[in-house]
Amino acid sequence: MKRRITITRPDDFHCHLRSDEMMHKVIPFSNHFGKVVAMGNLTPPIVTGQDAVHYKRQILDAGATFEPIMSIMLTKETKPSIIYDAWKMGVKVLKLIPSGTSTGSQQGVALQALPYYYHVIEKALKCDLIFSGHWELMNEPLGGAEISEYQREARAIPYLLEVVRLFPNLKIVVEHVSTAAMVDCVINAPQNVAATITAHHIGPYQWDDVFDKCGNVTKPYLYCKPVLKSRPDVDAVSKAAFSGNPKFFFGSDSAPHPSDKKLLGKSPAAGIFSAPVAISWLWECFINNGKTAKDFEKFTAVFGSNFYGLPVNTDTITLVLKAWQVPSEYDGVVPFLARKELNWKILD
């Protein structure tokens with residue numbers, strides 16, 4: 001086995017870079033990427049082109065060496081004119097984060113309410129924006145009862161398919177796909193539908209590693225949204241990542257929280273800080289499944305850029321075969337795979 005491998009610089013098509021002090025802590029770990037799609041569910045959220053321009057400046061001023069790809073959130077106040085102005089200011093993504101599905105999503109539009117915003121989505125199509133969705137259904141359409149976290153992604157599929165049907169030319173991304181049902185949905189959808197896959201949704205953990213039999217969170221640092229699912233779901237997501245299907249590409253959904261937010265008993269903050277280890281872990285997963293550097297480059301550097309209509313990076317990074325232990329924390333933020341030993345490391 002080679003002890004050193006040089007690959008096209010990867011991209012991260014879904015990342016939470018946060019703001020203020022946290023942003024300065026985590027951006028260095030995303031600097032091995034060439035392009036990063038910066039999600040805007042901050043407090044307050046990024047909802048206009050002007051917001052996105054300001055946020056991009058903050059990201060660059062915090063030391064980012066990657067190219068930030070900017071997004072705005074679909075909220076109850078979003079109008080076609082906001083979409084047009086955002087497009088003129090360089091925004092590439094309209095992000096659907098239904099209320100309650102993720103950190104900072106309070107102003108998001110529920111899936112049941114999407115028909116009221118189809119005119120906004122139509123404008124996004126005309127402006128060639130990517131419609132990037134956190135596809136989870138939070139409540140029963142009749143009665144409003146809360147749906148279990150385990151079932152929310154699969155229950156969102158009919159709403160996704162309706163958008164696909166109504167907007168056949170709209171580029172749609174299913175973010176952080178986590179179930180076999182959604183993987184099948186994306187595979188069978190038209191070519192304008194793709195999905196990002198995280199490092200943590202391909203393993204090594206699953207539902208039983210995070211929750212007890214009563215559904216209580218026992219491992220808060222593995223708690224994310226959408227939650228890790230069963231072994232068959234994890235296997236289906238992994239198979240999609242390794243498949244070479246251009247509909248699937250990498251988006252870390254790296255979502256850092258300070259420890260005091262992750263240790264809130266029954267209600268820990270949702271999110272896994274994977275940026276420091278994602279590429280090392282993914283590379284190990286790929287080679288352990290008989291895949292090549294070219295396979296890895298397609299998943300991390302080619303398919304996403306092609307779908308977004310962006311150039312593939314021309315520079316490279318190098319991974320070396322060198323055992324190392326993931327730190328227990330990085331300046332108060334616990335990473336994915338903390339204290340685990342990995343065999344490959346990005347060469348600084």
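Biologist: What classes of residues does the lining of the second largest cavity have?

Modeller: By class, 6 are nonpolar, 2 polar and 1 charged. Nonpolar here means Ala, Val, Leu, Ile, Met, Phe, Trp, Tyr, Cys or Pro; charged means Asp, Glu, Lys or Arg; the others, Gly among them, are polar. One caution first: this is a predicted model, where local features need pLDDT of at least 70, side-chain atom pairs count only at pLDDT 80 or more, and totals for chains, interfaces and linings use all residues. Residues are numbered from 1 along each chain as its sequence is written, and side-chain values use heavy atoms, with hydrogens and water left out.

Biologist: What makes something a cavity and not a pocket?

Modeller: Both come from a 1 Å grid over the protein atoms alone. In a cavity a 1.4 Å probe fits but cannot get out, whereas a pocket is an open set of points with protein on both sides within 12 Å along at least five of seven lines. Lining residues have an atom within 4 Å of a point. Points are joined across faces, edges and corners, and the volume is the space filled by probe spheres set on them. The structure holds 2 cavities of 30 Å³ or more.

Biologist: Which residues line the second largest cavity, and what is the volume of that cavity?

Modeller: The volume is about 40 Å³, and the lining includes Tyr221, His257 and Lys262. The largest cavity has about 130 Å³ and 17 lining residues, with His16, Ser102, Lys225, Asp253 and Ala255 nearest its centre.

Biologist: And what is the volume of the largest pocket?

Modeller: About 380 Å³. Its lining has 20 residues, and the closest to the centre are Arg18, Thr43, Thr103, Pro256 and His257.

Biologist: Why is Thr198 called buried?

Modeller: Buried means under 20% relative accessible area, exposed over 50%, and partly exposed in between (1.4 Å probe, protein chains only). Thr198 has 0%, so the label is buried.

Biologist: Why is Tyr150 called partly exposed, and Gly290 exposed?

Modeller: Tyr150 comes out at 30%, which is in between the two cut-offs, so partly exposed is the label. Gly290 has 63%, over the 50% mark, and therefore counts as exposed.

Biologist: How do you know that Tyr150 makes a polar contact with Ser230?

Modeller: A polar contact is a pair of N or O atoms within 3.5 Å; within protein, one must be able to donate a hydrogen and the other to accept it, and residues adjacent in sequence count only if both atoms are side-chain atoms. The side chains of Tyr150 and Ser230 come in at 3.2 Å, so the pair qualifies.

Biologist: What does the side chain of Thr198 have a polar atom 2.8 Å from?

Modeller: The backbone nitrogen of His201. The backbone nitrogen of His200 lies 3.2 Å from a polar atom of that Thr198 side chain.

Biologist: Is Cys285 buried or exposed?

Modeller: Buried, because its relative accessible area is 9%. Cys127 is buried too, at 6%.
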